[in-house]
Amino acid sequence: WSRWHTDLAVASQGRRQDADFVNQFAPQPYPGFTRLDLTVGYSLRSGSQIYLRGQNLLDRKYAEVAGYPAPGLTFIVGFKTANF
(Lines give C-alpha, C1' and ligand atoms only; values in the text may rest on other atoms or scores of the structure.)
Protein backbone atom coordinates (compact mmCIF):
# COMPACT_ATOMS: atom_id res chain seq x y z
CA TRP A 1 0.00 0.00 0.00
CA SER A 2 2.99 2.34 0.36
CA ARG A 3 2.96 3.08 -3.38
CA TRP A 4 -0.63 4.41 -3.34
CA HIS A 5 -1.33 8.10 -2.75
CA THR A 6 -4.60 9.93 -2.30
CA ASP A 7 -5.51 13.59 -2.14
CA LEU A 8 -8.92 14.96 -1.20
CA ALA A 9 -9.44 18.66 -1.94
CA VAL A 10 -12.34 20.90 -1.00
CA ALA A 11 -12.58 24.34 -2.61
CA SER A 12 -15.19 26.72 -1.25
CA GLN A 13 -16.17 30.25 -2.27
CA GLY A 14 -18.78 32.41 -0.55
CA ARG A 15 -21.32 34.67 -2.25
CA ARG A 16 -19.77 37.60 -4.07
CA GLN A 17 -20.36 40.48 -6.49
CA ASP A 18 -18.75 40.08 -9.90
CA ALA A 19 -19.14 41.70 -13.31
CA ASP A 20 -19.91 39.50 -16.32
CA PHE A 21 -18.29 41.48 -19.13
CA VAL A 22 -19.70 39.10 -21.76
CA ASN A 23 -23.41 39.74 -21.10
CA GLN A 24 -23.60 42.69 -18.70
CA PHE A 25 -21.20 45.20 -17.23
CA ALA A 26 -22.84 45.98 -13.88
CA PRO A 27 -21.72 43.81 -10.94
CA GLN A 28 -24.19 41.02 -10.19
CA PRO A 29 -24.47 38.73 -7.17
CA TYR A 30 -23.05 35.25 -7.67
CA PRO A 31 -23.87 32.42 -5.27
CA GLY A 32 -21.18 30.60 -3.38
CA PHE A 33 -20.07 27.08 -4.22
CA THR A 34 -18.17 24.14 -2.79
CA ARG A 35 -16.24 21.77 -5.06
CA LEU A 36 -14.92 18.35 -4.08
CA ASP A 37 -11.95 16.75 -5.91
CA LEU A 38 -10.24 13.40 -5.35
CA THR A 39 -6.94 12.16 -6.78
CA VAL A 40 -5.64 8.59 -6.49
CA GLY A 41 -2.09 7.90 -7.65
CA TYR A 42 0.27 4.94 -7.85
CA SER A 43 4.06 5.40 -7.71
CA LEU A 44 6.11 3.39 -10.20
CA ARG A 45 9.61 2.12 -9.51
CA SER A 46 11.15 4.80 -11.76
CA GLY A 47 9.97 7.60 -9.45
CA SER A 48 7.08 8.39 -11.77
CA GLN A 49 3.41 8.28 -10.88
CA ILE A 50 0.21 7.47 -12.72
CA TYR A 51 -2.98 8.98 -11.35
CA LEU A 52 -6.72 9.37 -11.75
CA ARG A 53 -8.33 12.63 -10.68
CA GLY A 54 -12.04 13.28 -10.29
CA GLN A 55 -12.94 16.97 -10.24
CA ASN A 56 -16.27 18.45 -9.15
CA LEU A 57 -17.38 15.06 -7.82
CA LEU A 58 -20.72 16.49 -6.69
CA ASP A 59 -21.35 17.75 -10.26
CA ARG A 60 -22.29 21.25 -9.03
CA LYS A 61 -23.05 24.07 -11.46
CA TYR A 62 -21.01 27.16 -10.58
CA ALA A 63 -18.77 29.85 -12.05
CA GLU A 64 -15.37 30.69 -10.56
CA VAL A 65 -15.21 33.63 -12.97
CA ALA A 66 -18.40 35.52 -13.89
CA GLY A 67 -19.71 34.52 -17.31
CA TYR A 68 -17.59 31.35 -17.57
CA PRO A 69 -19.35 28.28 -16.14
CA ALA A 70 -17.06 25.64 -14.66
CA PRO A 71 -17.10 22.11 -16.09
CA GLY A 72 -19.30 19.51 -14.43
CA LEU A 73 -18.00 16.16 -13.25
CA THR A 74 -14.63 15.59 -14.90
CA PHE A 75 -12.14 12.71 -14.84
CA ILE A 76 -8.46 13.09 -15.73
CA VAL A 77 -5.93 10.30 -16.20
CA GLY A 78 -2.32 11.40 -16.00
CA PHE A 79 1.33 10.53 -15.72
CA LYS A 80 3.98 12.60 -13.95
CA THR A 81 7.64 12.11 -13.33
CA ALA A 82 10.07 13.58 -10.82
CA ASN A 83 12.90 13.59 -13.40
CA PHE A 84 12.13 17.11 -14.69
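**Ser48 and its partners.** I began at Ser48, whose side chain makes a polar contact of 3.1 Å with that of Thr81. By polar contact I mean a pair of N or O atoms within 3.5 Å; within protein, one must be able to donate a hydrogen and the other to accept it, and residues adjacent in sequence count only if both atoms are side-chain atoms. The side chain of Ser46 also touches that of Ser48, at 3.2 Å. Ser48 sits in the loop between S4 and S5; strands here are DSSP runs of E with at least two residues, numbered from the N terminus. Ser48 is buried at 4% relative accessibility (buried is under 20%, exposed over 50%, partly exposed in between, with a 1.4 Å probe and protein chains only).

**A note on the model.** This is a predicted model, where local features need pLDDT of at least 70, side-chain atom pairs count only at pLDDT 80 or more, and totals for chains, interfaces and linings use all residues. Residues are numbered from 1 along each chain as its sequence is written, and side-chain values use heavy atoms, leaving out hydrogens and water.

**Salt bridges.** How many salt bridges did I find? The count is two, taking a side-chain nitrogen of Lys or Arg within 4 Å of a carboxyl oxygen of Asp or Glu. Arg35 pairs with Asp37, with the closest N and O atoms 2.9 Å apart, and with Glu64 at 3.0 Å. The Arg35–Glu64 pair links distant parts of the chain, strand S4 and the loop between S5 and S6, 29 residues apart. I noted Asp37 as buried at 8%, Arg35 as buried at 18% and Glu64 as partly exposed at 46%.

**Aromatic rings.** I searched the whole structure and got two aromatic pairs, with ring centres of Phe, Tyr and Trp (its six-membered ring) within 6.5 Å; planes under 30 degrees apart are stacked, over 60 edge-to-face, the rest tilted. One of them is Phe33 with Tyr62, stacked because the centres are 4.2 Å apart and the planes at 20°. Phe33 lies in strand S4 and Tyr62 in the loop between strand S5 (49–55) and S6, so the pair ties together parts 29 residues apart in sequence. Phe33 is buried at 11%, and Tyr62 is buried at 10%.

**Phe75.** Last, I looked up Phe75: it is in strand S6. Is Phe75 buried or exposed? Phe75 is exposed, with a relative accessible area of 54%.

Note on methods:
Helices (H or I, at least four residues) and strands (E, at least two) are DSSP runs, numbered from the N terminus.
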